[in-house]
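Visitor: I am new to reading protein structures. Please take me through one, feature by feature.

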Amino acid sequence: MDISSLNINKGDTKAESVKKTSFLGGIKGLTPLKKDTFEYSKKPETHVFAYDGCYEDAAIREDIRERILSGACLTDDKLQLKQMDDSLAKASQLPSNSKYSPLGRPRTNRSSGKSFYICENLRQMADNNGVRGKCPLYGAKNEHRFRFRLGQIKESGIETIVDLRSEGECSNKAINILDDLGMKYVNFPVEDSAWTRESLEGFADYFAAINNGDFYVGCANGQARTDLGTAINYVFNKEAKNIPEFYYSKGSASRVSIKKNIEQIMELIKKDKSIVEKWGWANYEEFEKAVSKRFKTLVRSIK
């Protein structure tokens with residue numbers, strides 16, 4: 001159907017306007033969460049287009065809006081886009097003011113009609129410079145779906161994938177596809193109570209990836225190891241500012257294990273104090289003073 005044939009009139013009732021625009025759910029690139037809702041504003045000279053549950057980005061919404069207004073010959077009042085964005089944010093895994101918020105919105109499987117998320121367990125990082133969640137480098141055997149997921153991640157502004165899994169958990173195929181898309185890959189294996197002097201060598205690359213921003217950090221499920229990985233960043237990364245948001249609640253075994261792991265790492269650092277200079281600290285004295293305060297803050301958030 002051509003948009004110009006809609007014949008939307010200012011005097012149409014809500015039911016009439018919905019009927020005339022109900023076909024929009026079938027437009028390529030537009031996927032509704034629930035029944036389309038198109039309403040008129042009370043102002044007679046304007047038309048309010050409130051599309052509840054549209055998952056697509058602002059450019060697509062803008063295109064649909066323009067097409068409706070053009071076909072109806074109605075005045076453009078910006079269609080209360082803020083109201084639309086607020087309704088979208090309610091279903092998002094990320095706050096509405098996050099630059100990565102489109103990545104956290106649910107999508108709909110066109111075949112089954114079921115909602116799903118491109119990325120699971122997604123959370124905004126405390127310093128607002130990236131996101132955390134289930135590592136997206138899984139399912140590379142289905143290359144089409146895998147490339148789609150990474151493409152959506154890249155379009156949201158993410159440039160680097162920080163993989164907290166062990167080297168054996170990620171396939172070379174997945175890393176090669178990531179490289180094809182022009183995205184960076186950093187592997188920083190996080191294992192409970194398995195820290196060694198060699199482990200500390202990887203801290204510099206990990207912190208650099210976080211400090212550069214626009215990153216996605218995660219483990220197999222975006223839960224326990226990701227909690228520990230973000231805690232390590234907060235305590236030992238000189239540029240970190242805010243206490244991270246953890247997946248597991250206070251007092252949980254996972255939160256308690258964070259303290260144990262941080263203490264183990266601190267003991268290793270004492271045996272080779274100069275290593276902190278590779279992480280951007282001027283010297284061990286500066287490092288010890290700052291880390292001591294951060295560790296106390298972290299412990300209070302764990303209990």
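Guide: Start with burial. Buried means under 20% relative accessible area, exposed means over 50%, and partly exposed lies in between, using a 1.4 Å probe and protein chains only. Gln 124 counts as buried because its relative accessibility is 11%. A word on the source: this is a predicted model, where local features need pLDDT of at least 70, side-chain atom pairs count only at pLDDT 80 or more, and totals for chains, interfaces and linings use all residues. Residues are numbered from 1 along each chain as its sequence is written, and side-chain values use heavy atoms, with hydrogens and water left out.

Visitor: In which strand is Gln 124 found?

Guide: Helices (H or I, at least four residues) and strands (E, at least two) are DSSP runs, numbered from the N terminus. Gln 124 sits in strand β3, residues 123–124.

Visitor: What does Gln 124 touch?

Guide: Contact means heavy atoms within 4.5 Å. Not counting residues up to four places away in sequence, Gln 124 touches Leu 94, Pro 95, Ser 98, Tyr 100, Asn 129, Gly 130 and Glu 245.

Visitor: Which side chain makes a polar contact with that of Gln 124?

Guide: A polar contact is a pair of N or O atoms within 3.5 Å; within protein, one must be able to donate a hydrogen and the other to accept it, and residues adjacent in sequence count only if both atoms are side-chain atoms. Here the partner is Ser 98, and the polar contact between the two side chains is 2.5 Å.

Visitor: Show me another polar contact.

Guide: Take Arg 225, in helix α8. Its side chain makes a polar contact of 3.5 Å with the side chain of Glu 191. Arg 225 is buried, because its relative accessible area is 18%. Leaving out residues up to four places away in sequence, Arg 225 touches several others, including Leu 164, Ser 166, Glu 169 and Cys 219.

Visitor: How many salt bridges are there?

Guide: A salt bridge is a side-chain nitrogen of Lys or Arg within 4 Å of a carboxyl oxygen of Asp or Glu. By this rule the count is 17. One of them joins the side chains of Asp 214 and Lys 99, at 3.0 Å from N to O. This pair links distant parts of the chain, 115 residues apart: Asp 214 is in the loop between α7 and β7, and Lys 99 is in the loop between α3 and β1. Asp 214 is partly exposed at 21% relative accessibility, whereas Lys 99 is exposed at 52%.

Visitor: Where do Arg 147 and Glu 143 lie in relation to each other?

Guide: They are four residues apart in helix α4 (residues 143–155), so about one helical turn separates them. Arg 147 is partly exposed at 29%, and Glu 143 is partly exposed at 32%.

Visitor: And one more salt bridge?

Guide: Asp 272 pairs with Arg 197, the closest N and O atoms being 2.4 Å apart. These two also link distant parts of the chain: Asp 272 is in the loop between α9 and α10, and Arg 197 is in helix α6, 75 residues away. Arg 197 is partly exposed, with 28% relative accessibility. There is also a network: salt bridges that share partners join Glu 143, Arg 147, Lys 173 and Asp 180.

Visitor: Which residues touch the most other members of the largest nonpolar core?

Guide: A nonpolar core is a set of buried Ala, Val, Leu, Ile, Met, Phe, Trp, Tyr and Cys residues joined through side-chain atoms within 4.5 Å. The largest has 39 residues, and Phe 203, Ile 232, Phe 236, Trp 279 and Leu 298 touch the most other members. α7, β7, α8, α9 and α10 each supply at least two residues of this core. The largest share, seven residues, comes from α10.

Visitor: How do α8 and α10 pack?

Guide: Axes are lines fitted to C-alpha atoms, for helices over the stretch in contact, and angles run from 0 to 180 degrees between N-to-C directions. α8 and α10 pack at about 140 degrees, with axes 8 Å apart. Angles under 35 degrees count as roughly parallel, over 145 as roughly antiparallel, 65 to 115 as roughly perpendicular and the rest as oblique. So α8 is oblique to α10. Among the residues making the contact are Ala 231 and Tyr 234 of α8, and Phe 287 and Val 291 of α10.
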